[in-house]
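Good morning, and thank you for the time.

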Amino acid sequence: MAETTRQDKTAKQLRLLEQALDSGRLGPVKRLVNTLSPAEIGNLLESLPSAKRQVVWGLVDAEDDGEVLVHVGEDVREDLLRAMDTDEIVAAAESLDIDDLADLFEDLPDTVIDEVLKSMDRENRDRLEHMLTYAEDTAGRLMNPDVVTVRADVSVDVVLRYLRLRGELPEGTHHLYVVSRRRQYQGRISLAQLLTAEPADAINRIMDTDQPAIDADTPVSEVAQRFANHDWLSAPVVDENNQLLGHITIDDVVDIIRDQAEHQALGAAGLDEEEDLFAPVPRTTKRRAIWLGINLLTAFLASWVIGNFENVLKQVVACAVLMPIVASMGGVAGTQVQTLMIRAMALGQVSASNAMFLLRKEVLVALANGVLWALTVGSIALLIYHDIWLATAFGAAMVLNLLAAALTGVFLPLGLRRIGIDPALAGGVLLTTVTDCCGFASFLGLSTVLLLR
């Protein structure tokens with residue numbers, strides 16, 4: 001329901017924006033755009049063709065430029081950056097928090113990077129450079145290094161006076177982090193607990209020591225899983241020496257979960273979630289041509305399998321009518337298993353200890369469904385063609401292909417992950433190839449044995 005509401009809101013905003021643009025009056029467009037949050041502006045920009053996108057981008061308040069750039073995909077970001085001069089990009093980058101700047105940094109031109117680094121004070125420059133040493137999809141790149149730390153041996157009153165002198169807290173601050181003199185993480189204390197504690201209480205008496213820290217090298221998928229499992233609002237990030245580096249907040253984790261869902265949905269079709277919906281025809285053609293070429297090769301493989309059974313197809317025309325059904329049923333069954341496996345792998349639910357149990361379960365499910373649908377399609381084939389051997393070959397091939405689909409659905413994602421290939425991106429094409437080839441080969445092979453004996 002919430003997702004539907006968001007989609008309806010976006011569609012309404014886009015419709016109003018298109019009407020304002022078509023009227024040729026930019027005043028209403030500017031007022032409409034700048035009533036939206038940076039994330040909403042980014043969503044609208046991704047929904048516009050390049051020419052209109054540039055018009056709207058020019059009307060966005062300069063103070064929001066940086067945040068908007070963070071909330072669009074890489075292709076759209078490149079399109080927007082091309083329309084900005086160096087001073088505008090530098091100003092946009094300077095307005096960002098360190099974690100958002102790290103996310104944007106590698107997409108900036110070298111000249112802009114130099115200017116941004118020169119404009120930063122030494123502490124923030126060191127923080128940024130340290131964050132960039134971590135791999136892109138790790139906690140070290142996701143964290144915000146701007147946190148408030150206190151010592152365990154001071155009183156609540158001292159901390160409150162320190163906060164009043166400080167004047168403001170970093171955005172997203174839910175906790176203060178307790179560290180040693182060497183900045184090693186010891187625990188945390190929530191703002192609510194701090195405000196309600198006795199002024200004379202020592203921090204080490206009321207701090208939470210049960211909150212585990214996240215290692216900076218932890219993959220973001222695991223970070224998201226930990227937040228989901230424990231309902232965290234934030235979590236500290238530490239290095240290998242347990243020194244506090246920063247923290248991760250729930251808003252960043254929500255972005256991860258959304259990105260993972262988009263990646264899985266688009267990856268199944270061989271598409272990239274960062275791709276611009278309105279990208280130029282040559283660029284889109286080139287990207288899609290790669291996967292179309294791979295699919296063509298696999299289609300030739302399936303055709304080669306069929307070609308090896310030319311005799312039975314010539315003599316038993318019914319085989320040509322029925323064999324796509326076997327392949328299609330295998331494809332659907334395999335996709336069901338593979339989708340569940342990829343989701344389970346993303347959630348960290350699959351390991352060497354339970355993989356064989358999953359395999360046995362899926363084989364049993366495939367056998368049960370195979371027998372059920374083999375009896376169904378075999379009976380239908382018998383009623384239509386009045387050939388018991390054709391019906392037998394049809395039903396037996398159904399069982400064999402559903403078994404092949406189950407085995408492939410389990411082993412293929414695991415194998416692709418082991419060799420470093422994203423199963424969400426490559427699994428669909430390979431699964432279809434296996435189920436098509438197994439379906440054609442089993443049905444036509446059995447038909448050759450049973451009908452041309």
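**Strands, helices and an aromatic pair**

Let me begin with strand β6, residues 244-249: six of its six residues are buried, so β6 is largely enclosed by the rest of the structure. Buried here means under 20% relative accessible area, exposed means over 50%, and partly exposed lies in between, with a 1.4 Å probe and protein chains only. Helices (H or I, at least four residues) and strands (E, at least two) are DSSP runs, numbered from the N terminus.

Before I continue, please note that this is a predicted model, in which local features need pLDDT of at least 70, side-chain atom pairs count only at pLDDT 80 or more, and totals for chains, interfaces and linings use all residues. Residues are numbered from 1 along each chain as its sequence is written, and side-chain values use heavy atoms, with hydrogens and water left out.

Which strand pairs with β6 in the antiparallel sense? It is strand β5, residues 234-238, and the pairing runs over five bridges. Two strands pair if DSSP finds at least two bridges between them. S234 has T249 of β6 as its bridge partner. Five residues separate β5 from β6 in a hairpin, and N242 in the turn has a positive phi of about 65 degrees.

These two strands belong to an open sheet of three, in the order β4-β5-β6, with mixed pairing. β4 (214-215) and β6 stand at the edges with a single partner strand each, so one side of each is left without a neighbour in the sheet. β4 and β5 run parallel and are joined by two bridges; D215 has V238 in β5 as its bridge partner.

There is also an open sheet of three strands in the order β1-β2-β3, again with mixed pairing. Its edge strands, β1 (149-150) and β3 (185-190), each pair on one side only. β1 runs parallel to strand β2, residues 175-179, through two bridges, and T149 stands opposite Y177 in β2.

I now turn to the helices. Two packed helices are described by the angle between their axes and the distance between the axes. For helix α19 (residues 317-346) and α21, the angle is about 30 degrees and the axes are 8 Å apart. Axes are lines fitted to C-alpha atoms, for helices over the stretch in contact, and angles run from 0 to 180 degrees between N-to-C directions. The angle makes α19 roughly parallel to α21, a term for angles under 35 degrees; over 145 is roughly antiparallel, 65 to 115 roughly perpendicular, and the rest oblique. By class, the contact of α19 with α21 has 23 nonpolar, five polar and one charged residues. Ala, Val, Leu, Ile, Met, Phe, Trp, Tyr, Cys and Pro count as nonpolar, Asp, Glu, Lys and Arg as charged, and the others, Gly among them, as polar.

I325 lies in helix α19 and is partly exposed, at a relative accessible area of 37%.

Finally, how many aromatic pairs does a search of the whole structure find? The search finds three. In one of them, the rings of F394 and F443 have centres 5.6 Å apart and planes at 50 degrees, so the pair is tilted. F394 lies in helix α21 (residues 388-418) and F443 in helix α22 (residues 423-451), so the pair ties together parts that are 49 residues apart in sequence. Rings of Phe, Tyr and Trp (its six-membered ring) pair if their centres lie within 6.5 Å; planes under 30 degrees apart count as stacked, over 60 as edge-to-face and the rest as tilted. F394 counts as buried at 3% relative accessibility, and F443 counts as buried at 0%.
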